[in-house]
Amino acid sequence: MFRWVEVFSRVLLAVFFLVVAIIGLLYLYLSTTRVDLTLSNHMIDQVNEVVLVSAKWDTEILRINGRLSEKYDNLSHYGQKIQYLLDQLPADEVITEHIHPLNITIQEKSNLVSQFKSEIITLKQSLAALPNIYQQLLESDEIQQSEFDEQFLKLFTNVANYSLDSSSATLSEIKQQILVIESDLLNTNLDFKYQDLLYRFLEQVGTIMIVRPDIDIILQQIEALPIQIQANAITNSIRADVAMQLIEQEKNKTYLTYYAAALLLILILLAIRLFINYFRLEKMVAERTQDLQTALENLKNSEMIMVQTEKMSALGQLVAGVAHEVNTPLAYTKNALELTRSNIEQLEFRRFVNLADLLVDLVENPKAENANEQKKNILVEIQQIKAHLHELDFDGFRYADMVDEINALINDGMAGVEQISNLVNNLRNFSRLDRGHLSRHKLSESIQSTLTLLKYELRGKNVTTDIQEECVIECMPSQINQVLLNIIGNANHATAEDGSIAITLKRLDNNHAGIVIKDNGSGIEPDKLKDIFNPFFTTKEVGKGTGLGLSISHKIIQEHNGDIQVKSTVGIGTEFLIKLPFMIANKHGKELA
């Protein structure tokens, strides 16, 4: 019984292979009919036309980018034409799987072109505005006779070059020129009308500096679109299908025995192709990962530079106060040294040194041959000292008193040097680059250090501090100092000359310390309150604020797992609450060492 089952199975298997062979034979026979190449050639021509239109599209984009053309409306025409050509392709199964990615890529290119069109129009408008503003500036004799004429001519030339070739060197030079111009504007006496024109000029330059890199990114994205590759995939699939049909057309029934070998060869080729594509994909993923890592590192470096730049900007505003604080102790230190030198020279202390040398020699060699001569010299030296004191009207003068006076003067000088040293240490601690370095720190020291640096700026202000509890937290001290300097400095600018600023340090709960900074200044309008932590937003006058202080402060506190809260009423004042944890926890909830 089992043998019959085995035989029957073999028969069925043989029948199965026979049927397969017959089907293959019939397929080969039917494949000998003439292949119609008209449809295939038409599809290839359509795909090539898509590539050609896309290339013209790219050419027009480059012409517009190079300001060789202003036909912005033609940009959308190319996209519509390509979409029309793709819609005309027949729904052939050979190309169906390749058409969909190409459609997505064309749609993505249309979106990028729309962004490019919007950005290039903005760039054109800003570039067009620069000559007009510059022409208005030249109408002023003050401008022509000032340093702004040459500065803005150089800036205009660099901006024009940058709009065509956005090199990092040109961008760096433009930024340096803007810093010089903005610095000069702070000290200029030009008419406000022309100052406003100068700022409008710089505003247009700023727009160009923002838009030009965006355009370059869009152009790079457009260039990276795989339209040619996807079109080649379609034409290759069509040609492969045609070639297969032609091969099959030329086959003879005698090639039936090679059918299995041909099928196996096709499978091997497909496996090799899949293997190659796999490694290509792995390479692309590795490159993209490296690009993302590089971008992340650049972002971290830019953030660190921005924080240190704002810190240096804040230090620059304290130069006048620091100079005043240094001059006072330096003056009486100098005075003490001058009095000390005068006393030493007036009383001729060198005579006492000579007298001491003579006495030492006499004590060490009392029986020397010249002992009597030495005694006479000592008496002569003493008489000369008395005569000198008599000439100075110092009869009855005690040198011990003079030594005490000199010691007092030296102590005064050392006290002045100590004050200067403390001020320098405060400045050094504030400006130190300690990003990523955590330590245990007393918040009261940060408050005191900041108030010391701002002592000259806060002259005339009623500044009170209330240390309800000494709070020692884990933090980056110089960054906390920077936050306090920004917020207390803002409170100083917001209050009148006799305004009040109250600073309170207290424990909020078991896990958090709080610093409250309250002023009776002008306050912040409710509609602007929500934007105060946004980069480059400022309520100060033009040229008096970068708009980065509160933004950087907010980010610093967030990095410390803290929070900044603000309440303000126009005409009454503003209150900031800085909330900081005693210990900083990492993402896994473990405290940092």
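**View 1. Helix H15 is largely enclosed by the rest of the structure.** Eight of the 11 residues of H15 (residues 443-453) are buried, so the helix has the rest of the structure around much of it. Buried here means under 20% relative accessible area, computed with a 1.4 Å probe on protein chains only. Look for Leu443, Leu451 and Leu453, together with Ile447, Thr450 and the serines Ser444, Ser446 and Ser449: these are the buried residues of H15. Helices (H or I, at least four residues) and strands (E, at least two) are DSSP runs, numbered from the N terminus. This is a predicted model, in which local features need pLDDT of at least 70 and side-chain atom pairs count only at pLDDT 80 or more, while totals for chains, interfaces and linings use all residues. Residues are numbered from 1 along each chain as its sequence is written, and side-chain values use heavy atoms, with hydrogens and water left out.

**View 2. Helices H2 and H3 are roughly antiparallel to each other.** The axes of H2 (residues 38-65) and H3 (residues 73-88) come within 10 Å and cross at roughly 170°. Axes are lines fitted to C-alpha atoms, for helices over the stretch in contact, and angles run from 0 to 180 degrees between N-to-C directions; over 145 degrees counts as roughly antiparallel. From H2, the contact (heavy atoms within 4.5 Å) includes Val50, Val53, Trp57, Ile61 and Ile64, and H3 contributes residues including Leu75, Tyr78, Ile82, Leu85 and Leu86. The residues of this contact divide into 10 nonpolar, four polar and four charged. Ala, Val, Leu, Ile, Met, Phe, Trp, Tyr, Cys and Pro count as nonpolar, Asp, Glu, Lys and Arg as charged, and the others, Gly among them, as polar.

**View 3. Five strands form an open sheet with mixed pairing.** Their order is S2-S4-S5-S7-S6. S2 and S6 (563-569) stand at the edges with a single partner strand each, so one side of each has no neighbour in the sheet. From one strand to the next, the twist averages 10°. Two strands pair if DSSP finds at least two bridges between them.

**View 4. Strand S4 pairs with S2 in the parallel sense and runs antiparallel to S5.** Six bridges link S2 (residues 462-467) to S4 (residues 500-507), and Ile467 stands opposite Leu505 in S4. Seven bridges join S4 to S5 (residues 512-519), and these two strands form a hairpin with four residues between them. Here you can find Ala502 opposite Lys518 in S5, while Ile501 has Asp519 as its bridge partner.

Note on methods:
Buried means under 20% relative accessible area, exposed over 50%, partly exposed in between (1.4 Å probe, protein chains only). Angles under 35 degrees count as roughly parallel, over 145 as roughly antiparallel, 65 to 115 as roughly perpendicular and the rest as oblique.
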